[in-house]
Amino acid sequence: MTTTLTEKTTPTTGTAPTAVPQADLDAFSGRMLAVLNGGSLALMISIGHRTGLFDALARVGPTSSQGLAAAAGLNERYVREWLGAMTTGAIVEHDPRAGTFALPAAAAALLARGGPINLAVVQQFIGVLGAAEDAVVESFRRGGGVPYQGFTRFHEVMAEQSAQLVVARLEQAVLPLVPGLAARLEAGIDVLDVGCGFGRALRWLARRFPASRFTGYDLCPEAVAAARAEAAPEGLSNLRYEVRDVTDLGETGARDLVTAFDAIHDQAHPDRVLAGVRRTLRPQGVFLMQEIRAESCLAHNLDHPSGPFMYTVSAMHCMTVSLAQGGQGLGTAWGRQQARAHLDAAGFGQVEVHSPEDDPFNDWYVARP
């Protein structure tokens, strides 16, 4: 017997089945189709970014699949199918008579390299996180988590994202959050970056402020190796990276500035990390912490512009890497309230929270002893 949509029912425990109106079924199935198409486009946008297809299409203008493949140095058959996804997804425009494809001006500005921000960068997370799905599913069943080593390219994509949201904003938007900090850096102070990843923010600071001394700690050897390799050609004598578990910094009064860019919630024991940061700061020291802008209560995040993505990244990476170390698993959306409580418990006497209008996805905490 074949059941049609109009015959579907929703069983509820201890009661007779309740018929679902056809309009509700149609609306929800349409929403699921939109989700499927959106996820598919995210993967293809990621491929377009990684292969340089958006850059090539923006550069050459209207062209055929053969012309685009030649311009990007890629296989034409794959490029043709990619153009199919981009065209049906209303990202690329197609002229069937001329047999050409073109990237509209808005898409070129936001997907090709060279613009103020590249929205293709963040689309890469869908494929990166999806590659760890089997391991995360196993954690759903057995508990525990997936360690950093279970992820491919995560630090690489994070570094590319950080270059846009942190490094590009350091001079004009981030450093001014702490009055007088730029002058202190010019004079020469000791700086530590906790969870430095590829270390691009720290490298920019070391280049910009040669009188100061910069150290980056990260638990992941691959990230530290990449940071060292990227920094090597510049020969910055005031910069070094170390593989370190930042749970116990083992330092007292050693730093004038400690930074943590989107890193504290990933830690196994954020409370111990923050207590260590507090201990390593000198009396006039400052802790500058970037965290995802969110509330600690789910009900208050219902209108968050990237809520589903935020909780997905949490389950698929931030929370699970913490749990893999036997940690607290605070997750990406630990939120302002928990962040403030952790900073207070760590002994910070003054905490300011900045939510810049031109950076709607991040909060910046300025904490002092």
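Helix axes here are lines fitted to C-alpha atoms over the stretch in contact, and the angle between two axes runs from 0 to 180 degrees between N-to-C directions. Helices are DSSP runs of H or I with at least four residues, strands are runs of E with at least two, and both are numbered from the N terminus.

This is a predicted model, in which local features need pLDDT of at least 70 and side-chain atom pairs count only at pLDDT 80 or more, while totals for chains, interfaces and linings use all residues. Residues are numbered from 1 along each chain as its sequence is written, and side-chain values use heavy atoms, with hydrogens and water left out.

Let's start with helix 3 (residues 65–72) and helix 4 (residues 76–88), which pack at an angle of about 115° with their axes 9 Å apart. Residues in contact have heavy atoms within 4.5 Å. The two sides of this contact are listed below.

| Helix | Residues in the contact |
|---|---|
| Helix 3 | Ser65, Gln66, Leu68, Ala69 |
| Helix 4 | Glu76, Val79, Arg80, Trp82, Leu83 |

Helix 2 (residues 53–60) has Leu53, Phe54, Asp55, Ala56 and Leu57 buried, where buried means under 20% relative accessible area, exposed over 50% and partly exposed in between (1.4 Å probe, protein chains only). What do the buried residues of helix 2 pack against? Their partners are helix 1 (22–51), helix 3, helix 4, strand 4 (100–102) and helix 5 (105–111). After helix 2 comes glycine 61, with a positive phi near 80°.

**Aromatic rings**

Rings of Phe, Tyr and Trp (its six-membered ring) pair if their centres lie within 6.5 Å; planes under 30 degrees apart count as stacked, over 60 as edge-to-face and the rest as tilted. The whole structure holds six aromatic pairs. One of them is the stacked pair of phenylalanine 287 and phenylalanine 348, at 5.8 Å centre to centre and 25° between the planes. Phenylalanine 287 lies in strand 9 (residues 281–292) and phenylalanine 348 in the loop between helix 15 (335–345) and strand 10 (350–354), so the pair ties together parts that are 61 residues apart in sequence. Both phenylalanine 287 and phenylalanine 348 are buried. Elsewhere, ring pairs join Phe125, Phe151, Phe154 and Phe309 into a cluster.

**An exposed loop residue**

Now for serine 237, found in the loop between helix 12 (221–231) and strand 7 (239–243). Is serine 237 buried or exposed? It counts as exposed because its relative accessibility is 77%. Its C-alpha atom is 8.6 Å from that of arginine 213, 24 residues apart along the chain.
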